[in-house]
Amino acid sequence: MQQTAPTPGKITLLPLRISPTLQGDDGTGVQTFKLALSKKRRPRLTVSVVPAADLENKRQPVVSSGPTYIPATRITPPANPPSNNATPQKPAPDHTENDDNDYDSDDASKMVETPTLGSLEFSLLYEQENHALHCCIIKAKGLKPMDSNGLADPYVKLHLLPGASKSNKLRTKTLKNTLNPLWNETLIYHGITDDEMQRKTLRLSVSDEDKFGHNEFIGETRVALKKLKFDQKKNFNVCLERVIPVSKIIHYSHSEERGRILISLTYNSQQSRLVVGVVRCAHLAAMDSNGYSDPFVKICLKPDMGKKAKNKTQIKKKTLNPEFNEEFSYEIKHAELAKKTLDVSVWDYDMGKSNDFIGGCQLGIQAKGESLKHWYECLKNKDKKIERWHVLLNDNTVQFED
């Protein structure tokens with residue numbers, strides 16, 4: 001057979017000749033043969049062959065004085081190998097609005113933090129009896145420079161999720177030319193229920209105020225309110241992160257919640273008068289094009305009370321969280337209260353045209369839930385002021401007069 005001349009850089013296979021000399025079995029079950037390359041003198045190669053029967057029966061490692069042959073493992077390449085040995089990327093999960101609402105910065109250990117955005121220190125306290133969430137914004141540190149002078153004009157804005165809107169937006173004052181602002185400012189959400197504390201998330205975002213353009217977002221953090229213990233202050237010091245902005249989608253229905261109102265009831269037994277206090281409203285629906293309302297409250301005790309039954313508060317301009325602190329009284333016998341109903345309605349004042357109805361509620365024996373409970377407690381506890389939050393509804397089944 002004609003031999004092929006070796007080519008540099010390639011492996012050339014030459015004919016092999018098996019030596020007929022049997023070295024014998026050394027007692028280990030391994031038979032050793034000497035193989036020699038033909039024609040030319042080459043280093044001899046000794047191969048130890050293990051009988052197949054031994055492998056099937058014993059599966060024990062074989063020890064030999066000579067070199068041992070180890071079968072190579074067959075490697076099957078992938079059908080579509082990645083180019084340049086790049087690691088295949090997993091497809092990104094679909095993003096939904098619920099992801100925004102459920103995100104909590106306490107889970108930040110699962111994500112890559114961005115310390116260059118700075119950190120925010122604050123504390124939260126939920127007063128269960130007053131249904132108030134106190135948010136104390138203490139300070140920020142090491143904020144990202146946003147202006148040409150290497151500084152920023154930062155402020156903090158708060159939203160309750162889901163349902164971010166101007167009605168539940170609170171913000172601190174703006175501090176000029178600093179990357180380490182010190183606010184020590186407390187912002188309060190009134191009318192927060194225990195149920196909302198279990199399903200709401202507080203979003204705290206830090207932005208740079210720009211008088212000659214749009215305010216620039218720096219970073220944010222979020223806290224699931226269900227992690228707070230009632231009537232216990234909790235301190236936070238967290239790194240700001242970049243999170244996808246909240247989708248502003250508002251769903252309307254025929255009987256939707258349009259805000260909350262805090263009403264106080266007192267029956268003065270000495271004067272035989274019912275004193276109704278309109279304390280404040282919270283999270284009112286925006287009725288004007290500027291995203292706010294000019295709210296006022298009307299109350300009416302009916303039936304058969306005449307013009308004296310109607311009262312209204314002052315108008316509060318451009319706000320969705322007005323504070324009134326006004327009281328109105330009705331001369332009425334205690335026994336007659338069981339037959340009466342108190343209508344409470346909130347309106348948006350519009351100059352030169354009819355006012356817009358925001359929402360209302362009714363208190364009395366014919367009412368349900370908190371409205372009935374509040375009225376009953378007033379009748380039962382004479383000379384005691386009782387305050388309760390009530391939901392304002394845009395209910396077509398109830399008629400409120402303008």
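1. C239 is partly exposed, at a relative accessible area of 29%, whereas C378 is buried at 2% relative accessibility. Here buried means under 20% relative accessible area, exposed over 50%, and partly exposed in between (1.4 Å probe, protein chains only). The count of disulfides is zero, where a disulfide is a pair of cysteine sulfur atoms within 2.5 Å.

2. On the basis of the values: this is a predicted model, in which local features need pLDDT of at least 70, side-chain atom pairs count only at pLDDT 80 or more, and totals for chains, interfaces and linings use all residues. Residues are numbered from 1 along each chain as its sequence is written, and side-chain values use heavy atoms, with hydrogens and water left out.

3. The second largest pocket has a volume of about 840 Å³. Its lining holds 34 residues, and E370, R388, W389, H390 and V391 are the closest to its centre. A pocket is an open set of points on a 1 Å grid over the protein atoms alone where a 1.4 Å probe fits, with protein on both sides within 12 Å along at least five of seven lines; lining residues have an atom within 4 Å of a point. Grid points are joined across faces, edges and corners, and the volume is the space filled by probe spheres set on the points.

4. Elements that give two or more residues to this lining are β12 (257–268), β13 (273–282), β18 (356–364), α4 (369–380) and β19 (386–393). β19 gives the most, with seven residues. Helices (H or I, at least four residues) and strands (E, at least two) are DSSP runs, numbered from the N terminus. At least three lining residues come from each of domain 1 (118–240) and domain 2 (259–392), with bounds from an automatic or database domain assignment.

5. An open antiparallel sheet of four strands has the order β7-β6-β9-β10. β7 (170–171) and β10 (216–224) are its edge strands, each pairing on one side only; pairing requires at least two DSSP bridges between two strands. Two bridges join β6 (residues 154–161) to β7, and K157 has R171 in β7 as its bridge partner.

6. Two cis peptide bonds deserve a check. L161 and P162 are joined by one with omega about -5°, and P162 is in the loop between β6 and β7. Another joins K302 and P303, with omega about 0°; P303 is in the loop between β14 (295–302) and β15 (310–312).

7. D231, not a glycine, has a positive phi of about 65°. D231 is in the loop between β10 and β11 (234–239) and is partly exposed at 48%.
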